[in-house]
Structures are given as C-alpha cells and as structure tokens.
Amino acid sequence: GGRLHLVSGDSPPVHLGKPTIYLLIDRWSRYVVSAYMSLRPASYEEVRHVLLIAFTSRESRFSRLGVNVTDERWPVGRMPAVICPDRGSDFMSDSMEQSVVNDLRIDLTPLPPLCPDGKAIVERLIREIKRRMAASGIEGVYADRPMDPKTKRAARKAAAAATRTLADAYRLLIDIIVDHNNRPHRTLRRRRLLTNAGVRPTPRDAYLWGLKNIT
C-alpha cells in the first residue's frame, strides 16, 4: 500500500484513496522489471498489468502520462522462468495459476510464510520508495505508518493536500525506479562474475548482462 493520497480534479475535490504499488524485481540483479500503481482492490487482474508492463515498451506505455522514460533508460524485461510472489490472495488465486503456470509456462513459487528474508530485496526497495517520495515534496505523501498522534496527523495532513493525478505519482515512482536501476549496488559489487566481465555493478547492467550470459 502506497503512503500516498490521491484526489480528483473536481471542485470541490473528491478523495479517491491510496494506491497500491506492485513491483516485479529480478532477484539476481536487483533490477526492477516492472512497476504498476492502481486504486483498484488487489486482484489477479491487477497483477496481470504488472506482467504486461514488464514485457512491453516503456515509451509507448507511459508517454501518455507524460512520464519521461525511454526503453534505453529502463530496458524492457524478458519472460522469467520463475515468479516468487507474496502469499496474498491476488497471487494465490486459480486465475493466477491458470494464466502464469498453464498459459505462460512460468513456475509459481510462493514465498513460505513467516520468512521475511525471502522478501528482503523487495522490502528494501519499498523503504527506499517511501523515503524518497516523502522527501520529494509531492502533495499527499506521508512517510510513516499512522501509529501515534504525530504520524496520524501527518497522514491526515497528506489526505487534505493530496496530489491530483495518478500521472504525478507515476512520474515520481518511475524516476525513483530508473535511478535505482542505474545506480551501483553494494551486493552487485561482490559478484565475481560481473567484476571479471567488466560489468558495472548497477541492476540495469547486471540484468542485461545476465540475459545474454546466464539465462
């Protein structure tokens, strides 16, 4: 769940809610293959959009939102052999199994329960997205989960000054992701395969090199 409120452009504006952010990340390279944001309830239909975004041109998909991203800066992903989803109902449905396993021939290996290490890569990126969104100054963002009077006030203030379009939120999210994909990563610096091949330790370069030399 994104810590971001959205309102309509009506007068007076109508509070639309908080979007859900879906991420698809390559475990080996830490490359973010796809990101999708939606105000709809979590479901397999929403997960399908994540897969569509992963394997289609970024330019054609996001240009209508005014997002400045190219297929060079954020290369299109390839079909994975395995997806390791969380154990949410949207990932464990019969529709998910039919479309992913039977139709696309992708193995579905849900993360075991009570296994936070299995999600460490995703959780670190989520923390980074929340931190950078809060620091961006975009209206409607709040940093911390509303657990005490101070953080609850911050969440209410964000709702009152919510950003007015999903496109604004997408522009910020994709800027963060492109920066993540093109910035050196400490884990990748320790990959001897990359060092010996002279590959920059960025998720983007590691992912592209891995497609040609490992998969």
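# Salt bridges and a buried strand

Mentor: Glu72, Arg200, Arg204 and Asp205 are joined in a network of salt bridges. A salt bridge here is a side-chain nitrogen of Lys or Arg within 4 Å of a carboxyl oxygen of Asp or Glu. The model is predicted, so local features need pLDDT of at least 70 and side-chain atom pairs count only at pLDDT 80 or more, while totals for chains, interfaces and linings use all residues. Numbering starts from 1 along each chain as its sequence is written, and side-chain values use heavy atoms, with hydrogens and water left out.

Trainee: How many salt bridges does the structure hold? And what makes Arg204 and Glu72 one of those pairs?

Mentor: The structure holds five. For Arg204 and Glu72, the N to O distance between the side chains is 2.9 Å, and the limit is 4 Å, so the pair qualifies.

Trainee: Why would you say that this pair ties together parts of the chain?

Mentor: Arg204 belongs to helix α9 (residues 203–213), whereas Glu72 is in the loop between α2 (58–62) and β5 (82–83), so the bridge ties together parts that are 132 residues apart in sequence. Helices (H or I, at least four residues) and strands (E, at least two) are DSSP runs, numbered from the N terminus.

Trainee: Are the two partners buried or exposed?

Mentor: Buried means under 20% relative accessible area, exposed over 50%, and partly exposed in between (1.4 Å probe, protein chains only). Arg204 has 13% relative accessibility, so the residue counts as buried.

Trainee: What makes Asp205 and Arg204 a salt bridge?

Mentor: Their closest N and O atoms are 3.0 Å apart, which meets the 4 Å limit. Asp205 is buried, and so is Arg204.

Trainee: Which residue does Asp179 bridge to, and how do you know that the pair counts?

Mentor: Asp179 forms its salt bridge with Arg183. The closest N and O atoms are 3.5 Å apart, and that is within 4 Å, so the pair counts. Asp179 has a relative accessibility of 30% and therefore counts as partly exposed. Arg183 is also in the partly exposed class, with a relative accessible area of 34%.

Trainee: Let's turn to the strands. Why is strand β4 described as largely enclosed?

Mentor: Seven of the seven residues of β4 (residues 32–38) are buried, so the strand is largely enclosed by the rest of the structure.

Trainee: Which residues does Leu24 touch?

Mentor: Contact means heavy atoms within 4.5 Å. Leaving out residues up to four places away in sequence, Leu24 touches Tyr31, Val32, Val33, Ser34, Val50, Leu51 and Ala54. As for Ile53, 29 residues from Leu24 along the chain, the two C-alpha atoms are separated by 9.7 Å.

Trainee: Why is Ser34 called buried, and what does its side chain reach?

Mentor: Ser34 lies in strand β4, and its relative accessible area is 0%, so it counts as buried. The side chain reaches the backbone oxygen of Val50 at 2.7 Å. Beyond four places in sequence, Ser34 touches residues including Tyr22, Leu23, Leu24, Ile53, Arg58 and Trp74.

Trainee: What does the whole chain look like in numbers?

Mentor: There are nine helices and six strands. Of the 215 residues, 39% are buried. Among contacts with a separation of 6 or more, 55% come from residues 24 or more positions apart.

Definitions and conventions:
Polar contact = N/O pair within 3.5 Å; in protein donor to acceptor, adjacent residues only side chain to side chain.
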